[in-house]
Amino acid sequence: MADDKDVLRDVWFGRIPTCFTLNQDEVTEREAEPYYLLLPRVSYLTLVTDKVKKHFLKVMKAEDVEEMWFEYEGTPLKWHYPIGVLFDLHASNTVLPWSITVHFKSFPDSDLLHCPSNSVIEAHFMSSIKEADALKHKSQVVNDMQKKDHKQLWMGLQNDKFDQFWAMNRKLMEYPTEEGGFRYIPFRIYQTMSDRPFIQKQFRPVSPEGNVHTLGSLLKEMYPAAIPSDGEQKRYQVMIHGIEPLLETPLQWLSEHLSHPDNFLHICIIPTPTD
Amino acid sequence: MAERRVECTWKRHISEQLKLRDQVQRQAFEEIIHQYNRLLEKSDLQTVLSERYQTDKYDVQRGHEASSGADSNRSEALQQEMAQMRIKHQEELTELHKKRGELAQSVIELNNQIQQKDKEIQSNEAKMLEYQQQITNLEGDCRELRNYLQDLERANQTLKDEYDALQITFSALEEKLRKTTEDNQELVSRWMAEKAQEANRLNAENEKDSRRRQAKLQKELADAAKEPLPIDPDDDIEVLAEDGGKGGGETSPNRPLSRTPSKKISQPPPGGLLDSISNIFGRRTANSFSTSPENTEAPSGGCAEVRVPSTALHVFEAHDGEVNAVRFSPGSRLLATGGMDRRVKLWEVVAGHCEPKGALTGSNAGITSIEFDSAGSYLLAASNDFASRIWTVDDYRLRHTLTGHSGKVLSARFLLDNARIVSGSYDRTLKLWDLRSKVCMKTVFAGSSCNDIVCTEQCVMSGHFDKKVRFWDIRAESIVRELELLGRVTSLDLNHDRTELLTCSRDDLIKIIDLRTNSIRQTFSAQGFKCGADWTRVTFSPDGCYLAGGSADGALYIWNVLTGKVDKTLDRNHNSAINSVSWSPSGAYVASVEKGSKAILWSDM
């Protein structure tokens, strides 16, 4: 189990080197330096970019500033997806550091949600946790928690406290041993080229015959194209936390260890780079 | 084992991949970014610093330009400036010294305060000790009191137990008492039954005795009749005539009762009272109608022929002021009038004239109603002074005053036994009085002011202000029946048989109510007949074939009951509203009294 703990730790402390540059259309008093930051994969953009905002506000007039938003190569970045998902989906296999453009104007209302304060992120985060627990335990665990336990989960994420978060999150990952897993695996499959934001269905960790479901069986059910047929070139990469787990990895274990703090297993399916 | 190895493969794969990822994405950039941010901060700091130096430099340059003009003055100015600065600093120093002194002072003060507080604390501690002591004392007291309370509770418990025991004994005794009482009652009732039987037996014997005696008498009479003696029938007729005369003069059925013992010839012994009464009646009826024995059913009972009045025989001033009540004595020989002058006057009717005979005084207010007892020896008058009074007719002396009503008494009547009186008052009660003990036996709440009362054997009828005639059982206090008329009831009268009730009400209608069917049998009215007051009295003729009533305009109306029409209207002699009318029991006279002071005696002569 020591290995598992290390995996959790690695997942938690995954970082993405990012270079924030101010959009050139923004009116500045003097030239804005780019700002480099290591973004935690499991967190949310608007939660960790206070410094970035502060940095760019120094060179801007107060009256020109509206709500800050981010964009990567023309795509507005949704703050309510975990940062790791955004990176894997849009920018994996590109040159590091990840270059994000910062905007303070013309907020794209059709693509992004407004994020006026951290309490909005907290509400989103907690609702994800509750949804995941509804799938896993019929909400029993999360409903048994007290208000301060919920707060502890959020504060753990907000302040990047691994031990504080996992002390509470451990309960959400428990399951009765005789059932061999959760009721359903909370997962979301993201694709770059799709109108649907993501695929999310009910999927049990164990088949009716008692066989353990793996990542492969999930994909076969949800997205068969992601599995290469024999002898064929691999067309898609299946990314979780920036890595490609083997298809025979058991789904239950993945859900327990490679889930984001919101308790969902976020899987990105991206086309294999051609070069 | 193989499985475990497989497990290891994917797990190892994942951790390796994660390591690789971190190497590429994290470790490679961690240091660079850290350093970059430091440099960025440094450069920011530099910018800030350089800006500040810039401004400083500018200021210094400006100062330099200002002073370079006068080089000689410069040192002086500098010196001056120095001196000024020294002075300033010295001032500052003294200021600070002062402050220090102040601070030292405050330190001392604070020390003092601390000492004071210490003292307070000590005293408080002493107090606390004291209170502690008190608390322990109080706790001791408390314990004692609790013990005391427990003792008391125990004592209370014992007392309660004893009380319960006594209670049980008491209830047992009570039960016994009840049983004994029941036994007693049973015995009494048995005794009463025995008594009744005995009385019956006695009655039977008496009857037998009387029959035997009668038979004997008849036999003797028959024997005597057989004997040819011419004088005997005459004697017999004389006896009969004397009897008839008396019967005609005094129609009351109770008369023989009041004067029984000395009076009659073949009186049965007093044991069978009812029997004797019926005997007398039978005998008397037979006597008075001996000429037409088939006519025994006529309603006139024992009265002489009724003559409808047509002329005013005698008009006279009866009272000073309003005359409210008038009544003939049972013998028709006396006329009593009562007025607002608080007197009842007695007049003797002699040959169509009323001779004043005497005045009954004693009332403190106007007289409202007058009644003679059936023997004609007592006179009862109700008065506005809340009382009813009884005088003896022979010596005009006031015998009883019945007080107790809280309003004026509007009517008072003897019951048929002459020993009780019923009175009805404006205070909305009826009272039953016993003349033997002279106390009020019963008071019933009628609910409305009572204007007039009449009585039969068991029933009292009262006419009320709320338009109702109420029927009461003397024994019970409850209303037996009610009958609602259309106007306030002013007057009630009974016919001779007490089978019909005459009512007069303020809707100017006079009605006859059949008491057997309890329904209105006949209604009388007349053009111009108006009921003048709430106590306007109307009357039956003694045979019940006529009604007499006085109107508000002073006219006296006589109705014929058989035809239901007005028989006579006598409107010439009264000048104001007629208050009351009375028909003499002999049937020959009618007397009426009016709101003025007059009374008129009418007859057909």
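1. Which residue of chain A forms a salt bridge with B:Lys11? That would be A:Asp4, with the closest N and O atoms 3.0 Å apart. Bear in mind that this is a predicted model.

2. Eleven residue pairs are in polar contact between chain B and chain A, both partners being at pLDDT 80 or more.

3. Now the area. Chains B and A bury about 2,400 Å² between them, and 66% of that lies on carbon and sulfur atoms. On chain B's side, B:Trp10, B:Arg21 and B:Gln25 supply 26% of the area the chain buries against chain A, more than any other three residues. In residue terms, chain A puts 34 residues into the contact and chain B puts in 21.

4. B:Leu45, B:Leu49 and B:Tyr53 make a nonpolar patch of about 320 Å². B:Leu49 sits in helix H1 of chain B, residues 2-67. An α-helix has 3.6 residues a turn, so residues three or four places apart point the same way. B:Leu49 counts as partly exposed because its relative accessibility is 33%, and the cut-off for exposed is over 50%.

5. Over in chain A, helix H4 (residues 83-91) has eight of its nine residues buried, so it is largely enclosed by the rest of the structure. Among the buried ones are A:Ile83, A:Val85, A:Leu86, A:Phe87 and A:Leu89, and A:Asp88 is buried as well. After H4(A) comes A:Asn93, with a positive phi near 65 degrees.

Technical notes:
Residues are numbered from 1 along each chain as its sequence is written. Chains are lettered from A and ligands numbered from 1 in the order in which they are written. This is a predicted model: local features need pLDDT of at least 70, side-chain atom pairs count only at pLDDT 80 or more; totals for chains, interfaces and linings use all residues. Side-chain values use heavy atoms; hydrogens and water are left out. Patches are made of residues with over 30% relative accessible area and no salt bridge: like charges are joined within 9 Å, nonpolar side chains (Val, Leu, Ile, Met, Phe, Trp, Tyr) within 5 Å. Accessible areas come from the Shrake-Rupley method with a 1.4 Å probe; for residues, only the protein chains shown count as cover. A salt bridge is a side-chain nitrogen of Lys or Arg within 4 Å of a carboxyl oxygen of Asp or Glu. Helices (H or I, at least four residues) and strands (E, at least two) are DSSP runs, numbered from the N terminus. Buried means under 20% relative accessible area, exposed over 50%, partly exposed in between (1.4 Å probe, protein chains only). Contact means heavy atoms within 4.5 Å. Buried area is the accessible area (1.4 Å probe) that two parts lose on being put together, summed over both. A polar contact is a pair of N or O atoms within 3.5 Å; within protein, one must be able to donate a hydrogen and the other to accept it, and residues adjacent in sequence count only if both atoms are side-chain atoms.
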